[in-house]
Amino acid sequence: MFNNDERTIPSYYPTLKELCYHICSSLREEEIKDIVKSAVREIGESKLNSSIDSIEDTDEFTLAQNIEKQLVSLGKQKDIAKFRHLHKKLCHSNYHSLLTNREGVLSFFLNVSEKKHVKRDKIPVFQKRSYISSSNKYYSTSSALKGGGDTLSDSSILSTNGDNSGQNSFLSRPTTLSNNVFIRRDAGISKSPSRPILVQNHNRTSSFISRSASDTFVTSPQYSKYKKNEVSSSAVIKELLFCFQGIEGALLKLDHNLGFNIDPQVRVPQCPLVERLMELGFLHNNIVNQCKSLEKGGSVAQAILIAIRQKLIDFYGFIGSFHSEYLKSSKTTDDTPLREYGCDDNSLTLRKLSFLTEEPMQLLQAVCDALNAVRNINSGTATTALDHFRHHGDERYRDVITSLIIHAGRPIINMIINWMVEGELFDPYNEFFISLNTNCHDRDIWRDKFVLRQDLIPNVMSEKQAHMILRSGKAVNFLNVICEKKTPIVGARERLHNMKDVNILDLTDPRSKLSETILAIFEETSKQVLDTLVNEFKLFQHFQGLRRYILLGQGDFVNYYMELVEPEMRKPASKLQFHELMSLKSSAERATLARYEDPEILNRVSVKLLVASGGDWGSDVFGLQYIMHDPLDAALKIKEGAYSHMFNFLWRTKRMEYILLSLRKERWANKNSLNWLSDRVPEINGVLVLADRLSHELLHFAQHFHYYILFEVVECLWEKFQLAFTKAKSFDDVIKAHDEFIIEMQIKTFQDKDSRTFINELRLVWDLVFELESLEETFCCHVAKEYALRVEREEHINIHGSNHELETVISQSNRKFSTFLSSTRAQYNILNRNYQDVLKKFLLELSSSNKHELRMLSSRIDYSGYYKKMDIRLTESMKYSRCSDLFN
């Protein structure tokens, strides 16, 4: 009789069918089938709408727990222990042969308890299945049918013999039936929708009303309200399938929040479950709505949109499978009435649909979380925003987020490949973590033209990897643009270029193929740039030129050139001529070992004259500069002033020593005249002693200080830089070593902010040297004139003799010279006292310094302890410094 297997038919169906055929034996075959279907429908509805809907599918443990909860709700907590004891005995193995369906027994007890204690204002379940008795009456329902519709109004309720209470229950039905009228409005059976089906049997005394008829023909007001406009589970499932796709239906209406509401005019079965399933439609609508904003985004947003659309396609595939199962379960025949009412185990029910939608629900929830995370942010940071959801405990949720991250990272990976392989930056939507500095000059291509944007670095990538990517592309761009050397795509760059389906999450694994390829490209491009600069651009030779001619490392050239330009240094700054100074430089180069230098290096050494102001001398505006290639100069910061400041400091230090040595030479040149005068004017010896002592002290200071600067500072730091240069593996390593060299040079030559005290004291010493030079020049000039005058007078006296007037003139001249000697001696004393004060302060600063080399400089200048004896603070300071060294 049935197309489906016997195992899908409940056990009560054969008995129920036999009973219906026995009672309605006088009716036609089609009418009996309708009655069987109505009976099955009644029993199925009873099971569906019962307070224990899933009790037949519930296991024994759950039933026992429900019974205990029922006892608690009734205030019979003391009976729980007794029930547990009885249930334990029931589960004993001795009763297995006597009682095989323990779940049915427990279900029966629970059902009886619930029906017994149900509230009076509620309609018991069994009253929904009622029989209406009638005697010798025909019932007409044509007025209740509205155009063949499926529902009947309350006004169409007909009564028999004044009895319309409907109190005859299924449990108290009469044993005999007469004049039975069966009213059926099932459109699938009735060929004429507007014509009621009347079944009359004069031998029966009761009318058995089908489910559809009983929904209308009830007399209780409460029952009428409860059953009004109720829809079947099958219709709700069909509506839900539309709801899942965001489509409004007859029962489920769209609201202003993109969600769905149940039509208040209808009642749906299992409402909480339906509302939970409606959430899937809200998630779908929310996703579709937020995807519209991604359409206007950049390449990363477009990639995320493609991934989400793929997820929606998978979701629609789920819905398609649900719909197919719904169509399969909705195909009913006359012989298989169980499918329509959920009695078939293979049919699609609300509970089964809820179970099947768990995975799509989690899929859409993950997509919604991802869309909320990337909303209103730069799409370049989308991978970082999504990565926070990747560390989720649920594997399926994590897989969805991982898939979105992989799609979002593909544009970033393409930009990385294009940047590292071609050296070109293609970022039309401003999403890449490397950007072009448009305010930077082209010659600053290495340091400032391409910058790293920290906020756009994906957190799946380490900062070290980001710097390697930046330097690799910058190296390729530098070779192509500045060096004009088109680099072939070979080695690791070729491997990266040929990579397919690259996953950005591979960057989290340092041993992945992508991470190792990036490291290999960084090493290859760095070595290629360094080799090009060293071999073709003579990078190391340029550094040596800086050391020799700007840092005064070429001693013979510096000494001779200083001697040549010294007259120019004493001129006003406005009278200096650039070409004259360049001519003197060329003369110094030809006269010294500099003539063996590479001409390209020598040609880059040039004279630099600062802008002169009123009162400036040549020494105030003169300097040397080294002109390097613009890209190298920008990368190494040669023209930013560090080398100019160091040259001025070293040049002044060297010139101070040169001036003091020149004074000593002049003293030796005037030795004969001074000895001759000292025999005749004894007062001159005191002045000469003061001048010689002050000159020697200043020369001692200048020589030791200049030695410290040239050998302990410049040469030591140069050796350190040269060692770092030989170990460098990239141009960035060279730049880093050079920057450290410049910083240490500035610190140790007192060019930093913390050394202002030292440089001020040194400037005072330089001023004292110039004052000494001026005083020494005045003294020597006056002595030379006095010597010539006295020689001339002695010759005149020897020839012509002396007289009173001549003696008077000679006496006045001697007094005037004695006055000059006294004044000169006083000036030497003042210079000496000022020098002692300045030197003591300078030595005190050196000995108090926390730097060992400066304390050693203090000991070298005062190697005999002369100044320590004059100022006890120097001794205490040195003791403190030594103690600090011991404890530190």
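Start at Phe750. Phe750 is buried, at 2% relative accessibility. (Buried means under 20% relative accessible area, exposed means over 50%, and partly exposed lies in between, with a 1.4 Å probe and protein chains only.) This is a predicted model: local features need pLDDT of at least 70, side-chain atom pairs count only at pLDDT 80 or more, and totals for chains, interfaces and linings use all residues. Residues are numbered from 1 along each chain as its sequence is written, and side-chain values use heavy atoms, with hydrogens and water left out.

**Stop 1: two positive phi angles**

Stay on Phe750. Its phi is positive, about 65 degrees, although Phe750 is not a glycine. Phe750 sits in the loop between α28 (731–748) and α29. (Helices are DSSP runs of H or I with at least four residues, strands are runs of E with at least two, and both are numbered from the N terminus.)

Now select Asn376. Asn376 is not a glycine either, and its phi is positive at about 60 degrees. Look for Asn376 in the loop between α12 (358–374) and α13 (382–390). Is Asn376 buried or exposed? Asn376 counts as exposed, at 75% relative accessibility.

**Stop 2: the whole protein**

Zoom out. The protein has 33 helices and 8 strands. Of its 888 residues, 47% count as buried. The accessible surface comes to about 46,500 Å²; carbon and sulfur atoms hold 51% of that surface. (Areas come from the Shrake-Rupley method with a 1.4 Å probe; for residues, only the protein chains shown count as cover.)

Now think about contacts, meaning heavy atoms within 4.5 Å. Take those between residues at least 6 apart in sequence: 72% join residues at least 24 apart.

**Stop 3**

Select Gln554. Gln554 is in the loop between α19 (539–550) and α20 (555–569). Gln554 is buried, with a relative accessible area of 15%. Leave out residues up to four places away in sequence, and Gln554 touches Arg548, Tyr549, Leu593 and Ala594.

Next, select Leu602 in helix α22 (residues 599–603). Leu602 is buried, with a relative accessible area of 8%. Under the rule that skips residues up to four places away, Leu602 touches Tyr549, Lys585, Glu589, Ala594 and Glu597. Draw a C-alpha to C-alpha distance from Leu602 to Ser586. The two are 9.2 Å apart in space and 16 residues apart in sequence.

**Stop 4: the second largest pocket**

Select Ser619, Asp620, Val621, Asn648 and Arg652. Of the 30 residues lining the second largest pocket, these lie nearest its centre. About 870 Å³ of space lies in this pocket. (On a 1 Å grid over the protein atoms alone, a pocket is an open set of points where a 1.4 Å probe fits, with protein on both sides within 12 Å along at least five of seven lines; lining residues have an atom within 4 Å of a point.)

Colour α23 (618–621), β8 (622–626), α25 (642–669) and α29 (756–800). Each supplies at least two residues of the lining. Which element gives the largest share? That is α25, with 8 residues. By class, the lining has 13 nonpolar, 8 polar and 9 charged residues.

**Stop 5: cysteines**

How many disulfides does the structure hold? The count is 0. Cys20 is buried, with a relative accessible area of 8%. End at Cys716, which counts as partly exposed at 45% relative accessibility.

Definitions and conventions. Grid points are joined across faces, edges and corners, and a volume is the space filled by probe spheres set on the points. Ala, Val, Leu, Ile, Met, Phe, Trp, Tyr, Cys and Pro count as nonpolar, Asp, Glu, Lys and Arg as charged, and the others, Gly among them, as polar. A disulfide is a pair of cysteine sulfur atoms within 2.5 Å.
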